[in-house]
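Please keep the sequence and the structure in view while reading.

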Amino acid sequence: DTGNNPYNVPMEIYSTMDKDVQLAVNKVYDGSVHKFVNDVVQFSVAVTSTEDGSVVAIGAGRNRQGERKYNYATMINRQPGSAAKPFLAYGPLIEYNNGSPATTFFDEPYTYSNGTSINNADVSYAGMITARTALRQSRNIPALQAHQQVDPKNRKEYANNCGIEFGNEVFESYAIGSFNGVSPLTLAAAYATIGRGGDYIKPYSYKKLVYRQNSEEVEKKPNKLDDAMSKSTAFILNNMLSYNISSGLLGSASTGNTQVGGKTGTSNIDKDKRKKLNISS
């Protein structure tokens with residue numbers, strides 16, 4: 001932001017980290033609140049503030065030694081799977097095509113526009129289904145149908161507005177998160193856009209810096225896009241994502257008086273790699 005390297009130019013940097021949240025993340029990593037099946041399983045966490053968009057906690061990865069190593073929360077470029085559906089299927093449908101949680105789809109044998117078949121994760125069909133239920137059950141076929149109804153330019157604009165950037169065409173497979181890719185931090189910021197009513201804020205990790213030589217202060221000015229989606233779209237998506245939690249999508253969770261929304265996302269390991277690594281289907 002300044003062109004100055006803090007290794008060469010003495011400065012105090014005021015972090016946006018929330019100590020309580022970071023300590024809670026650390027407890028997951030050190031095994032205090034979760035026991036991992038082995039030392040190979042890897043995961044990362046990115047927590048951003050719905051209020052101001054700042055990064056409040058980061059879990060960069062397990063079993064790491066040393067400093068400034070590869071950060072799984074900020075550096076990976078992976079398929080988000082169904083976690084992309086609010087941004088490449090239902091969100092654009094609501095924003096541009098007057099969709100709603102009650103919009104109906106026919107979950108039945110279906111193909112992409114080029115004739116390639118698409119299946120749901122359970123390889124079954126639910127028949128006529130609402131958008132709310134389709135998102136809750138993470139059905140792939142209704143998500144593709146929602147995606148297909150929106151003009152390609154609008155699909156791309158909507159995702160880009162939420163920080164999921166595509167320099168090229170947005171293909172139909174992107175509706176179910178089959179693209180590389182995003183990081184946990186990118187997704188955290190995208191979902192926070194919904195939570196704060198439609199305004200996107202690019203994640204940032206410091207509030208201000210003070211040059212030691214002359215006490216000059218430089219405040220961080222967040223990069224904000226007002227109305228990345230309309231307030232009505234954000235309201236509807238909040239309602240749908242909150243239903244995911246209240247209906248038990250992520251198990252039992254006590255959230256008190258706080259409104260909490262959520263979405264799962266899973267990607268597959270291809271057949272050849274499963275065979276090579278001796279991983280069951």
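Predicted model: local features only at pLDDT ≥ 70, side-chain atom pairs only at ≥ 80, totals over all residues.

A residue counts as buried under 20% relative accessible area, as exposed over 50%, and as partly exposed in between. On that scale tyrosine 70, at 43% relative accessibility, is partly exposed.

**Aromatic pairs**

- Across the whole structure, the search finds ten aromatic pairs.
- Tyrosine 70 and tyrosine 72 have ring centres 5.3 Å apart and planes at 75°, and because planes over 60 degrees apart count as edge-to-face, the pair is edge-to-face.
- Tyrosine 72 is partly exposed, with a relative accessibility of 26%, and tyrosine 70 is likewise partly exposed at 43%.
- Phenylalanine 87 and tyrosine 191 form an edge-to-face pair, with 4.9 Å from centre to centre and 90° between the planes.
- This pair links distant parts of the chain, since phenylalanine 87 belongs to helix 2 (residues 85-88) and tyrosine 191 to helix 7, 104 residues apart.
- Phenylalanine 87 is buried, with a relative accessible area of 0%, whereas tyrosine 191 is partly exposed, with a relative accessible area of 21%.
- Ring pairs also link Phe166, Phe171, Tyr174 and Phe179 into a cluster.

**Packing of helix 7 and helix 8**

- Helix 7 (residues 184-195) packs with helix 8 (residues 231-246) at an angle of about 110°, and their axes are 8 Å apart.
- Angles of 65 to 115 degrees count as roughly perpendicular, and helix 7 and helix 8 are therefore roughly perpendicular to each other.
- On the helix 7 side the contact involves Tyr191, Ile194 and Gly195, which meet Ala234, Leu237, Asn238 and Leu241 in helix 8.
- By class, this contact of helix 7 with helix 8 has five nonpolar residues, two polar residues and no charged ones.

**Salt bridges**

- Where a side-chain nitrogen of Lys or Arg within 4 Å of a carboxyl oxygen of Asp or Glu is taken as a salt bridge, the count comes to nine.
- One of them joins arginine 212 and glutamate 12, whose closest N and O atoms are 3.6 Å apart.
- That pair links distant parts of the chain, with arginine 212 in the loop between strand 9 (206-211) and strand 10 (217-219) and glutamate 12 in strand 1 (residues 11-15), 200 residues apart.
- Arginine 212 counts as exposed at 54% relative accessibility, while glutamate 12 is partly exposed, with a relative accessible area of 29%.
- Aspartate 199 forms a salt bridge with lysine 224, and here the closest N and O atoms are 3.9 Å apart.
- Because aspartate 199 lies in the loop between helix 7 and strand 8 (200-201) and lysine 224 in strand 11 (residues 224-225), the pair ties together parts that are 25 residues apart in sequence.
- Aspartate 199 is buried, with a relative accessible area of 14%, whereas lysine 224 is partly exposed, with a relative accessible area of 46%.
- Lysine 224 also forms a salt bridge with aspartate 226, the closest N and O atoms being 3.6 Å apart, and aspartate 226 is partly exposed at 48% relative accessibility.
- Elsewhere, salt bridges that share partners join Asp107, Asp122 and Arg139 into one network.

Note on methods: Residues numbered from 1 in each chain as written. Heavy atoms only, no water. Axes fitted to C-alpha atoms, helices over the stretch in contact; angles between N-to-C directions. Helix = DSSP H or I, 4+ residues; strand = E, 2+ residues; numbered from the N terminus. Parallel < 35°, antiparallel > 145°, perpendicular 65-115°, else oblique. Contact = heavy atoms within 4.5 Å. Nonpolar A, V, L, I, M, F, W, Y, C, P; charged D, E, K, R; others polar. Buried < 20%, exposed > 50% of the residue type's maximum accessible area, 1.4 Å probe, protein only. Phe/Tyr/Trp six-rings, centres within 6.5 Å; stacked < 30°, edge-to-face > 60°.
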